[in-house]
Amino acid sequence: MAKFLEKHNDKNKLDDVLLKVENISKYESLHAFYNILWKYETKECFYCGKRLSDKRIATHVDHFIPWSYIQSDNMWNLVLSCQSCNTKKSNKLAKSVYLEKMFVRNDNLKLTAVHNDFNYYSERKLEALYDYAGMNGYVENWSP
């Protein structure tokens, strides 16, 4: 990508472009999403159903499709999970049964209009990203 950018940009603009590209994939804190999800979710781990603690350290925000694949934080791809499930799931795809659960969860969250991310959300888009992640080597077999 850098070689392509060097070929098509002058040196003065190239540094700005590379800085923007570099900043796209920086992992940000999910604390703001935690607050929204905690308010509107069932307060159960998305994966195992365990009751979640209101202590932030014990409840995690997980990227349903791994962040290393999407590299952005979209509300429609974030779920509350217990520490154990989030740690074990790590960089894997959850089984497809959870994709169906995600569709239902997102339909419910979309109705609350809690975040602008849902302006660009569709089940078809989430399903395509899930499928593409699987085709790109992300293992689709994780389950608690």
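Start by selecting Thr 87, which is exposed at a relative accessible area of 53%; exposed means over 50%, buried under 20% and partly exposed in between, with a 1.4 Å probe and protein chains only. Thr 87 sits in helix α5, residues 83-89. Helices here are DSSP runs of H or I with at least four residues, strands are runs of E with at least two, and both are numbered from the N terminus. Show the side chain of Thr 87 and you'll find that it reaches the backbone oxygen of Gln 83 at 2.8 Å. That is a polar contact, meaning a pair of N or O atoms within 3.5 Å; within protein, one must be able to donate a hydrogen and the other to accept it, and residues adjacent in sequence count only if both atoms are side-chain atoms.

A quick word on what you're looking at. This is a predicted model, where local features need pLDDT of at least 70 and side-chain atom pairs count only at pLDDT 80 or more, while totals for chains, interfaces and linings use all residues. Residues are numbered from 1 along each chain as its sequence is written, and side-chain values use heavy atoms, with hydrogens and water left out.

Zoom out and colour by secondary structure. Of the 144 residues, 38% count as buried.

Next, select α6, residues 96-112. This helix has 17 residues and reaches 25 Å from first C-alpha to last, close to the 24 Å expected at 1.5 Å a residue (that is, 1.5 Å times one less than the number of residues). Its buried residues are Tyr 98, Leu 99, Met 102, Phe 103, Arg 105, Asn 106 and Leu 109. What covers them? The cover includes α3, β2, β3, α7 and β4 (140-142).

Stay in α6 and pick Asn 106. Is Asn 106 buried or exposed? At 0% relative accessibility, Asn 106 counts as buried. A polar atom of its side chain lies 3.0 Å from the backbone oxygen of Trp 76. Leaving aside neighbours within four places in sequence, Asn 106 is in contact (heavy atoms within 4.5 Å) with Met 75, Trp 76, Phe 118, Tyr 121 and Leu 126.

Follow that last one. Leu 126, again leaving aside neighbours within four places, is in contact with residues including Ile 65, Trp 76, Leu 99, Met 102 and Phe 103. Leu 126 also belongs to the largest nonpolar core, a group of 35 residues in which Tyr 47, Phe 64, Ile 65 and Leu 126 touch the most other members. A nonpolar core is a set of buried Ala, Val, Leu, Ile, Met, Phe, Trp, Tyr and Cys residues joined through side-chain atoms within 4.5 Å. Select α3, β2, β3, α6 and α7 to see elements that each supply at least two residues of this core.

Last stop: the loops. Between α3 and β1 (59-63), click on Lys 43, which has a positive phi of about 65 degrees although it is not a glycine. Then try the loop between α4 (67-70) and β2 for Gln 71. Gln 71 isn't a glycine either, yet its phi is positive, at about 55 degrees. With 30% relative accessibility, Gln 71 counts as partly exposed.
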